[in-house]
Amino acid sequence: MDERSAVVVGAGVGGLAAAVALVNAGWRVQILERHDRLRADGAALLLWANGVRALRALGMGAALEAIAVRQERGTGGLRTPDGRWLIKMSEPEERGEGLSGTAVVHRQDLHEALVAALGDAATIRAGATVTGVRLGDAPAVKLGGETMTADLIVGADGISSIARSTLDNHSRLVGAGRVAWRAVVPRFRAPEVADSGETQGSGRRFLSADLGAHGVYWAAEARGSVRPESTAGQLDLLKRWFAGWHEPIGQLIAATRPEELMQHPVEYLDPLPRSFVHTGATSGVALLGDAAHAMTPDLGQGACLALEDAVTLGVCMGGRAVPDGLRRYEALRRPRIVKMTKMSRRVGGVFAAQGRFVVPLRTALLRGIPDKTFAKGAAALTDWTVPEA
Ligand SMILES: Cc1cc2nc3c(=O)[nH]c(=O)nc-3n(C[C@H](O)[C@H](O)[C@H](O)COP(=O)(O)OP(=O)(O)OC[C@H]3O[C@@H](n4cnc5c(N)ncnc54)[C@H](O)[C@@H]3O)c2cc1C
């Protein structure tokens, strides 16, 4: 088959991983990114076993070993604000594939590793904002007055995807009524974090994880909408909201500088797009990552699923005609995505619960779950393997 060409819209983790997968499958790829320079928003990422496996399938096992901080067995889990453990998380069993359990990476490191994996086989055009996607027999992307055609267009343009809005008028972006904050505190200023994991109070949550040489990553969530205060004001608010919670929570908030804090509304797609693909006569469009299935971050799986999407797309586009490959991609991804988005909403409902009656009930219920059962449930969610061609 002649070398085929793809245009990938968006150089986030999903778009870059899709580009690597397509390059590995023999495609010529052009990536269009609206920002003037490539950058990774969002501090750090927890990579579960499925995300790790997807990166290894992209040929990035060694690169991952170099940038990932492995979460040691038994150091994570769920706690109450007074520091008592509800669940101690153990890693899923090793599959003899090296770094297979949970790992944390700095997003910028992952970004750079993905760009390095592309080599010369892909070009990245920064400062290129896609203004529309044309469907029909010969799909194309529009960049202002310019139109670009390709055998495959990949819409990896995130939660407010322009590609999705062209392909589908069914899905809606819904606010979860929660706000998330994230930061990385540099090593020299960060307190020791012996145990990673999440602490759950009434309508508020706090997560921290050691990020090796980078320092410590933390993320907090609270019910409500985006706060209008300056980042310094938001930090003051977080100090008050999390006052009295076990350390190092207060120490981490106190050590964070305003310019290190990021705030995001928590949003998700509901319903999902009717289809993640559009097929033309010989070409087509695929949605991938948050563009296809933005979900609440309750499972910490959005980027892991984007990596799964990317690997699957590469497998499907290997030797097939594009429309056939896209139909196979849709068939492989939809059941998994439907299951994970439902689970994320369910878990979010439990973890974000608030109230004098509901929270003690949640605590009692979680305490009643044996650690092994919880770990088994988590392992079932991450149980994904590279599909057959
Ligand atoms: C608080 C929080 C914590 C999270 N933690 C985790 C975690 O621990 N583990 C995990 O797996 N997931 C996590 N996620 C989810 C994860 O961040 C996302 O699922 C993931 O970043 C999606 O990647 P993406 O490439 O699909 O989209 P994005 O990362 O949003 O990338 C989209 C790219 O497209 C570009 N773009 C957008 N529009 C255009 C346009 N018109 N033209 C050109 N370029 C465009 C953007 O600039 C961007 O570079 C978390 C999410 C949140 C909110």
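Leaving aside its neighbours within four places in sequence, which residues is Thr 80 in contact with? Here contact means heavy atoms within 4.5 Å, and the residues that Thr 80 touches in this way are Leu 86, Thr 199, Gln 200, His 246 and Thr 363. The model is a predicted one, in which local features need pLDDT of at least 70 and side-chain atom pairs count only at pLDDT 80 or more, while totals for chains, interfaces and linings use all residues. Residues are numbered from 1 along each chain as its sequence is written, and side-chain values use heavy atoms, with hydrogens and water left out.

Thr 80 sits in the loop between β5 and β6. Helices (H or I, at least four residues) and strands (E, at least two) are DSSP runs, numbered from the N terminus. With a relative accessible area of 5%, Thr 80 is buried; the term buried means under 20% relative accessible area, exposed means over 50%, and partly exposed is in between (1.4 Å probe, protein chains only). Pro 81 belongs to the loop between β5 (76-79) and β6 (85-89). Its relative accessible area is 23%, so Pro 81 is partly exposed. Beyond its neighbours within four places in sequence, Pro 81 is in contact with Thr 199, Gln 200, Gly 201, Gly 244, Trp 245 and His 246. From Ala 19, 62 residues away along the chain, Pro 81 is separated by 42 Å between C-alpha atoms.

Next comes Phe 206, a residue of strand β15 (residues 204-210). Phe 206 counts as buried because its relative accessibility is 2%. Leaving aside neighbours within four places in sequence, the contacts of Phe 206 include Thr 199, Trp 245, Trp 218 and Ala 219. Phe 206 and Ala 219 are 13 residues apart in sequence, and their C-alpha atoms are 5.8 Å apart in space.

Two cis peptide bonds can also be described. One joins Glu 247 and Pro 248, with omega about 15°, and Pro 248 is placed in the loop between α6 (231-241) and α7 (249-255). Another joins Asp 270 and Pro 271, with omega about 0°; Pro 271 lies in the loop between β17 (262-269) and β18 (277-279).

Of the 15 residues of α9, 14 are buried.

Helix α2 (residues 49-57) packs against α9 at an angle of about 35°, with the axes 8 Å apart. Axes are lines fitted to C-alpha atoms, for helices over the stretch in contact, and angles run from 0 to 180 degrees between N-to-C directions. The crossing of α2 and α9 is left-handed; a crossing has this hand if the near helix is turned anticlockwise from the far one by less than a right angle, and is right-handed if clockwise. Among the residues making the contact are Ala 54 and Leu 55 of α2 and Leu 307 and Glu 308 of α9.

Helix α1 (residues 13-24) and helix α9 (residues 302-316) pack at an angle of about 25°, their axes 8 Å apart. The crossing of α1 and α9 is right-handed. Residues in the contact include Ala 17 and Ala 21 of α1, together with Leu 307 and Ala 310 of α9.
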